[in-house]
Amino acid sequence: MRRLLHLFCLALVFIPEPLLALEFNMPRGVTDTSQSIFGLHMTIFYICLAIAIIVFGVMFWSIFHHRKSKGAKAAQFHGNVLIEIVWTIIPLIILVLIAIPSTMTLVDMYDAGESDIDIQVTGHQWKWHYKYIGEDVDFFSILNTSREEIENRKKKNPNYLLEVDNALVVPINQKIRFLFTSNDVIHAWWVPDLAIKKDAIPGFINESWTRINEPGTYRGQCAELCGKHHAFMPIEVKAVPEAEYLAWLDEQKAAKLAVAASAEKDWSMDELMAAGATVYEKNCAVCHQADGSGMPPAFPPLNGSAIVQGDKVGHIEIVVHGRLEKGMPAFGEQLSAVDIAAVITYERNSWDNQTGDIVTPAEIQAMMEKE
Amino acid sequence: MSAYTETTHHGPAKGWTRWILTTNHKDIGTLYLVFSLIMLFVGGSMAFVIRAELFQPGLQLVVPEFFNQMTTMHGLIMVFGAVMPAFVGLANWQVPLMIGAPDMALPRMNNLSFWILPFAFAMLISTLFMAGGAPDFGWTFYAPLSTTYAPPSVTFFIFAIHMMGISSIMGAINIIVTIFNMRAPGMKLMDMPLFVWTWLITAFLLIAVMPVLAAVVTMMLMDIHFGTSFFNAAGGGDPVLFQHVFWFFAHPEVYIMVLPAFGVVSQIVPTFARKPLFGYQSMVYATIAIAVLSFIVWAHHMFTVGMPIAGELFFMYTTMLIAVPTGVKVFNWISTMFRGSMTFETPMLFAIAFIVLFTIGGLSGLMLAIAPADFQYHDTYFVVAHFHYVLVPGSVFGIIAGVYYWLPKWCGKMYDEKLGQWHFWLSFIGVNLTFFPMHFVGLAGMPRRIPDYALQFADFNMLTSLGAFLFGTTQLLFVYIIVKTVRSGKPAEQLPWEGAQGLEWTVPTPAPYHTFSTPPVLGEK
């Protein structure tokens, strides 16, 4: 047992760093900040290891040698002022030595000024919203792992729970400032490779910055308990060269125009139902369930609901404005007119709800403009 | 011993009403300890649900909302139902015996402060069966998740917390009054055993911070039912204020859960090293220093909320400072062992494991104190590993060590040493198998409080779950050992441990229902 323990400790000390940087250590990351944090982490780890070896070494040495079964006679000393002062001062000195580089790193991390790009990150239950300030580009980023994988009906892919529909795309080698806030409860935006973890708090704006050195896809998760789907709102950051980033921005702007234009065209029932099913699955099924049965009392059923089967206007109002006190978000701020029209049409014509109503994007737009 | 006369005419009442009406510190101590053991298994079974769900990636056994209820209730029950009452139980038994007092100073209040607890916990546990489920916002219950977005049962949770707080405050008052007024003639504060000292300091911490907890849950209650906006930004409130007030309570709270364990270990190590405690005075001062510092470090739990840099630095430096008095304690224990004449009965084994594993938890605490590094550690399994190392092989091992150490005096019978050794080794392996791999998954990026995780965390999680099943099941052996001792243990000797010192060992074995009706005379052992 004891020998095993020794071997284990030795193994820990001599594990080569590349191996330590793998699955069971903090990632080095791809920014200067993340690397200096990794350095701090390893420094303090080795200091702790050294302290542990010395302290436990003395203890186990006494345990082996000063045992009654070996005939040890107990000494009767019970204090020594000098040694007590020494072992108070030495830790203090070690602490000061650790505090200096930690303070320097922290000061650097807090210097969020003079950024090249500003991105507002808003936490929602349970998705992230990204807004490129000054660029008229904004979108939601939602978990893309299939329900079948989560419920073990399909083999899990390597990015299980760490993949989203729309990744955050950013250029490398530019100072990106993030502004964090939340729409409901507190979330925390965390990407280990960027060494950013910041709480997104309703009513407050926190800031943080990064400058990514290498292109790649970096994944993270929400780190603050935010309700039942806390585990299912990942983050995916795609760092690309600047030219690629600018092309992507243009693409986004064009796509936005296309969506706006599509609100003008005439939508058929079938088209709305098809689009509505997708919107429902992404935005509504989390609470109201795929079969519309809800989870009473927190989340009411939509199947057979008086609101869904009743007057169109009441139904549209709830979807657009939400019921904030009950946790129903205002989707008017989140979805396009087309999406809202589609999902309401879908809800009014699915399961046992067979109202036959069509809600068109034009109706939604008219209503939202009136306000 | 001849000076001691037992008063047999005034024994315990007959029948089950004895346990309801009793004002005897030994009976109440036993009630507290049995209650906390039951809560250990209730909270432990919730840990089983958590670990079973996390055995593999994917959702298998429970839905996420129930998983959140399990993590919340596990934390609340273990903190307020298992660890704290166990220490109050130890204090009830031991403080009067160790200072030569006939009972606690306020015996009726003692009865009341215990009997509040079963009702508080019955109410808390009943929320599991309410519409909308039990509290599901984590034991730290951050607003607004615990206010605007909480299930209706949150009101019952608030009331239960209030009751637990009242119980703790009354218990703390009782301990302080007893220690200040009822010490044997001639026993100065600096003559008190360390267990008494650590509990005295703990009791002051309790009185200082339980009202803060009461305040924060009352503010929640107002926000939920009376339209205030303490924690609601939309109404001019501040969600971060919740965290400041909560952690102002909860950081001293973690020392409340560990200082008495320091005391237990400081009694046990000298006994089995057959050598006086090294640095008694510095032990006392270190404990006071830890208690004082515990009031100015709270925001190190909140490094990621976006504090100004001056705040980050202040809380980083003060937190690092705590390592100094904590280090002094560890060095003192080891110096006590150094050049002693040691034997390794079960209480000593648990005490040594406490020193080693608590120190590991302390060192990871030092890592967590480094604010920039904490941006990576915060809210991951690294934190879960850290606080379980200080609470399970820390506090819980301290309690178990104390029970093995004093059980022979309490019931007059000796536990089975061989079974005790089995209990220790299985617990030791189980606890490390459970919590050590959590460091790795945390560093690799696994957030805490999630029912499902990415594939790269799978191996360590399976190991952790296996360890948890081993550790949890092993505690059934603990119950068996206690029952066996009480029912059919071999009679214990007057002084069951060769090196034991202190007034508690001067009373007969088992300790009679009433002890020290006439105060002992110090110096005549």
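In what sense do strand β2 and strand β3 of chain A pair, and over how many bridges? Before I answer, please keep in mind that what we have on the screen is a predicted model. In that model, β2(A), which covers residues 127-132, and β3(A), which covers residues 137-141, run in the antiparallel sense, and five bridges join them. To take one pairing as an example, A:His129 has A:Phe140 of β3(A) as its bridge partner. Between the strands of this hairpin there are four residues, and A:Gly134 takes a positive phi near 85°.

Let me move to chain B and to a pair of helices. Helix α6(B), residues 194-225, packs with α9(B) at an angle of about 15°, and their axes are 10 Å apart. Angles under 35 degrees count as roughly parallel, and α6(B) and α9(B) are therefore placed in that category. The crossing of α6(B) past α9(B) is right-handed. On the α6(B) side the contact is made by B:Leu194, B:Trp197, B:Thr198, B:Ile201 and B:Leu205, while α9(B) brings B:Met283, B:Val284, B:Thr287, B:Ile288 and B:Ala291. Sorted by class, this contact has eight nonpolar and two polar residues, with no charged residues.

Finally, the contact between the chains, to which chain A gives 79 residues and chain B gives 79 residues. On the side of chain B that touches chain A, the elements giving two or more residues include α3, α9, α12 and α15 of chain B, but the largest share, eight residues, comes from α11(B). By class, that side of chain B has 52 nonpolar residues, together with 19 polar and eight charged ones.

Technical notes: Residues are numbered from 1 along each chain as its sequence is written. Chains are lettered from A and ligands numbered from 1 in the order in which they are written. This is a predicted model: local features need pLDDT of at least 70, side-chain atom pairs count only at pLDDT 80 or more; totals for chains, interfaces and linings use all residues. Two residues are in contact if their C-beta atoms, placed from the backbone, lie within 7 Å. Ala, Val, Leu, Ile, Met, Phe, Trp, Tyr, Cys and Pro count as nonpolar, Asp, Glu, Lys and Arg as charged, and the others, Gly among them, as polar. Two strands pair if DSSP finds at least two bridges between them. Axes are lines fitted to C-alpha atoms, for helices over the stretch in contact, and angles run from 0 to 180 degrees between N-to-C directions. Angles under 35 degrees count as roughly parallel, over 145 as roughly antiparallel, 65 to 115 as roughly perpendicular and the rest as oblique. A crossing is left-handed if the near helix is turned anticlockwise from the far one by less than a right angle, and right-handed if clockwise.
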